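Please read it with the structure open.

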Amino acid sequence: MLGKFFKKPADDMGGRVPPGQALTTRFPVLTYGPAQHYAPEEVQLRVTGLAQPRTFGWDELLALPQTTLECDIHCVTHWSKLGTTWTGVRVTDLLALLDLDPRATHVMQRSVGGYSTNLSLDDFARPENLLAHTFGGEPLTPEHGGPLRTVVPHLYFWKSAKWVTELEFMAGDAPGFWEKNGYHMRGDPFKEQRYDDD
Ligand SMILES: Nc1nc2c(c(=O)[nH]1)N[C@H]1C(S)=C(S)[C@@H](COP(=O)(O)O)O[C@H]1N2
Ligand SMILES: [Mo]
């Protein structure tokens, strides 16, 4: 059944396919629990923890520089999708507007519906990371995390929070939803960091 949609790459596409991954041309939906449905105008991105508190609404986010980037994405459930195109605000452009406490080393991304996932600031503050509202030129659908999600393509895709609503800056690391349930704290697909003992 799955063989119809997933094919093992003949090669690793010039190093783009991490070990243990198979390519798909579909865009599978991977959500724990139901998708969240709300209007773009209701988007609130709150900055909390070790930073000057701030809230960005939809209009403020759209008034920031908008960037379109192409990237490959890798889900820990063994599918990879090459050449996806996203538009949104670069994480680095947002971070430039924030007043972070120098003690902050990590960030917890929190989503509407209760999902969360942690990142080090090194992994968060990368030029290819987006707060994305558009996929392939179309508004991001609710199933895929619209109106707003993060896209952190160098790590397994569970590190990219759909329906993101809060960035909590922290002194030290802490596990998010899947990390509490045994997933790796970092999740580098090229090192196959799937579970916390990998
Ligand atoms: N809020 C939220 N974000 C989430 C998830 C989730 O369950 N809830 N699943 C994660 C996982 S495991 C993956 S692989 C990707 C899937 O994104 P997609 O459904 O757009 O393919 O979203 C990630 N972000
Ligand atoms: Mo995933």
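**Notes on the predicted model**

1. Start with the hairpin. Strand 3 connects to strand 4 through a hairpin of four residues.

2. Gln44 has Gly57 of strand 4 as its bridge partner.

3. The UniProt record, an unreviewed entry, annotates residues 35-178 as "domain: Oxidoreductase molybdopterin-binding". In the model, this stretch is 12% helix and 41% strand. Its end C-alpha atoms lie 17 Å apart.

4. Look next at His78. This residue sits in the loop between strand 5 (67-74) and strand 6 (79-90). His78 is partly exposed, because its relative accessibility is 37%. Leaving aside residues up to four places away in sequence, His78 touches Gly20, Gln21, Ala22 and Arg194. Trp163 is 85 residues from His78 in sequence, and 23 Å from it in space, C-alpha to C-alpha.

5. Now the aromatics. The count is 13 aromatic pairs. One of them is Tyr183 with Tyr195: the ring centres are 5.7 Å apart and the planes stand at 75 degrees, so the pair is edge-to-face. Both residues lie in the segment after helix 4 (177-180), so the pair ties together parts twelve residues apart in sequence.

6. Tyr195 is partly exposed, at 38%.

7. Both tyrosines belong to one aromatic cluster.

Note on methods: Residues numbered from 1 in each chain as written. Chains lettered and ligands numbered in written order. Predicted model: local features only at pLDDT ≥ 70, side-chain atom pairs only at ≥ 80, totals over all residues. Heavy atoms only, no water. UniProt positions renumbered as here; feature names shortened; annotations may be inferred. Helix = DSSP H or I, 4+ residues; strand = E, 2+ residues; numbered from the N terminus. Pairing = 2+ DSSP bridges. Buried < 20%, exposed > 50% of the residue type's maximum accessible area, 1.4 Å probe, protein only. Contact = heavy atoms within 4.5 Å. Phe/Tyr/Trp six-rings, centres within 6.5 Å; stacked < 30°, edge-to-face > 60°.
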